[in-house]
Amino acid sequence: MPVNPDDYDDIVRKINKKYNDSIRNGDSFESANRISTGSLELDIALGGGVPIGRWTRFYGGWSSTKTLTALRVIGNAQRMGLACAYYNVEKQYDPEFAELLGVDSKKLTVVEGTTVEEIVEKMEGLLLVRHLHVIDSCTMAVSEDELEASVRDWRPGITARAWGKGFRRLNERFDSTENTAILIDQTRVDFKTGSENAAGGRVFDFQSSSSVMFRKGKWLWKNDKGILDPDAKQKKGSSGQVEPEGIEVNVRVDKSRVGRPLRTATVRLDLETKALDDLFELSKAARYYGIIDTTSVGRYEYKGHKMHGEPALREYIAGDTELQEEIRRVALKSVQNN
């Protein structure tokens, strides 16, 4: 039968009447809004932050700041007026630690449960009453079929299949304007190649609009200015052994359906305060986007004000909140919808 475009309106009207306006023109959709991760550089890599109305996967090795970043996202989401749920699969939730990262623990729904099926059932209901859902971690959830089997049975892939079934159910209830999900996944090291591979399998990658890899980088110490610096003198703790004061984390957006993939970010974390070195990121962005001019090596200028050396640049940015907002605005605008 030949295609007749003239019948389009009539056919679409009938389908939408039966399937609740499920057919629309492409320009009727809006680009995803974002929730900040708390890191300017990571927000830039993600195209503005964690996309609302999408599934995002954080994966990486232990202590690579996946949970820390997710908790910062929760705190920022709460400040946007969004209701949040944290699925405490690993049984590691600590309200004091969460509050240190900006979470209002009184307003946070903490969901207990360790099986895939239980998590999925609870999330099905909570999707109607909570905006942001963080599952920490998907890797540690186990399929009920595996628990019911003998400990001697070998059933590879059974938990991944359970997640696949669960995602198909959740997608039926997931609202692309109201709901947002962060799936935290661990990695395992390949003994032959030394490479890190996500433990949860490809099902999480397929489910997610953005897939973000976290990897631990250099240990950091504070220099005589109190700034985290990979070249600072190493210090010993009370044990007499060298103890780092910070860590550098390298992040890469492996996949993105809501922005440009393969952007990267480098963030520095103070291990004592759990605070990110915002000035490290702001000063880099200010130079990269030409907000602050680099007149020669180690010399900078902004609206006639001259600065010599990185500490002076950081100090100037720290004292000018309007400049900080300008840097964030220019940087995030440059990656918006890109």
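The side chains of Ser-137 and Gln-186 are joined by a polar contact of 3.4 Å. Hello everyone, that is where I'd like to begin today. One reminder before we go on: this is a predicted model.

So, where does Ser-137 sit? You'll find Ser-137 in the loop that runs between strand S6 (132–136) and helix H6 (144–148). Is Ser-137 buried or exposed? With a relative accessible area of 1%, Ser-137 is buried. If we set aside the neighbours within four places in sequence, Ser-137 is in contact with Val-89, Glu-90, Ile-184 and Gln-186. The peptide bond from Asp-136 to Ser-137 is cis, and its omega is near -5°. As background, most peptide bonds are trans, and most residues other than glycine have a negative phi.

Ser-63 is not a glycine, yet its phi is positive, about 55°. Ser-63 is placed in the loop between S3 and H3, and at 52% relative accessibility Ser-63 counts as exposed, because the cut-off for that is over 50%. Lys-303 is another residue other than glycine with a positive phi, here near 50°. Its place is the loop between strand S14 (299–302) and strand S15 (305–308), and Lys-303 counts as exposed at 74% relative accessibility.

On to the aromatics. How many aromatic pairs does a search of the whole structure find? The search gives nine. Let me show you two of them. In the pair of Trp-55 and Phe-174, the ring centres are 4.8 Å apart and the planes are at 25°, so this pair is stacked. Trp-55 belongs to strand S3 (residues 55–60), while Phe-174 is in the loop between helix H7 (158–173) and strand S7 (180–189), so the pair ties together parts that lie 119 residues apart in sequence. Trp-55 is buried at 5% relative accessibility, and Phe-174 is buried as well, with a relative accessible area of 13%.

Next come Trp-163 and Phe-167, a stacked aromatic pair with 5.4 Å centre to centre and 25° between the planes. Both of these residues lie in helix H7, four residues apart, or about one turn of the helix. Trp-163 counts as buried at 1% relative accessibility, and Phe-167 is buried with a relative accessible area of 2%. Putting the picture together, Trp-55, Trp-163, Phe-167, Phe-174 and Phe-204 form one aromatic cluster.

The charged end of Arg-57 sits over the ring of Tyr-59, 4.2 Å from the ring's centre. Likewise, the charged end of Lys-216 sits over the ring of Trp-62, and there the distance to the centre is 3.0 Å.

Which residues are closest to its centre? Of the 32 residues that line this pocket, they are Trp-62, Ser-63, Ser-64, Thr-65 and Lys-66. Helix H3 (66–79), S7 and strand S9 (210–222) each supply at least two residues of the pocket's lining. S7 gives the most, with five residues.

What about enclosed space? The count comes to one cavity of 30 Å³ or more, and about 90 Å³ of space lies in the largest cavity. Its lining includes Thr-37, Ser-39, Leu-42, Thr-65, Phe-214 and Val-267. H3 and strand S11 (246–256) are the elements that give two or more residues to that lining, and H3 gives the most, with three residues. Notice that Thr-65 lines the cavity and is also listed among the residues closest to the centre of the largest pocket.

Last stop: helix H9 (residues 278–288). Its buried residues are Phe-280, Glu-281, Leu-282, Ser-283, Ala-285 and Ala-286. What covers them? The cover includes helix H2 (40–45), strand S12 (264–270), helix H10 (310–318) and helix H11 (321–335). After H9 comes Gly-290, whose phi is positive, near 70°.

How values were computed:
Residues numbered from 1 in each chain as written. Predicted model: local features only at pLDDT ≥ 70, side-chain atom pairs only at ≥ 80, totals over all residues. Heavy atoms only, no water. Buried < 20%, exposed > 50% of the residue type's maximum accessible area, 1.4 Å probe, protein only. Polar contact = N/O pair within 3.5 Å; in protein donor to acceptor, adjacent residues only side chain to side chain. Contact = heavy atoms within 4.5 Å. Phe/Tyr/Trp six-rings, centres within 6.5 Å; stacked < 30°, edge-to-face > 60°. Lys NZ or Arg CZ within 6 Å of the ring centre and 35° of its normal. 1 Å grid on protein atoms, 1.4 Å probe; cavity = no way out; pocket = protein on both sides within 12 Å on 5 of 7 lines; lining within 4 Å. Points joined across faces, edges and corners; volume = space filled by probe spheres on them.
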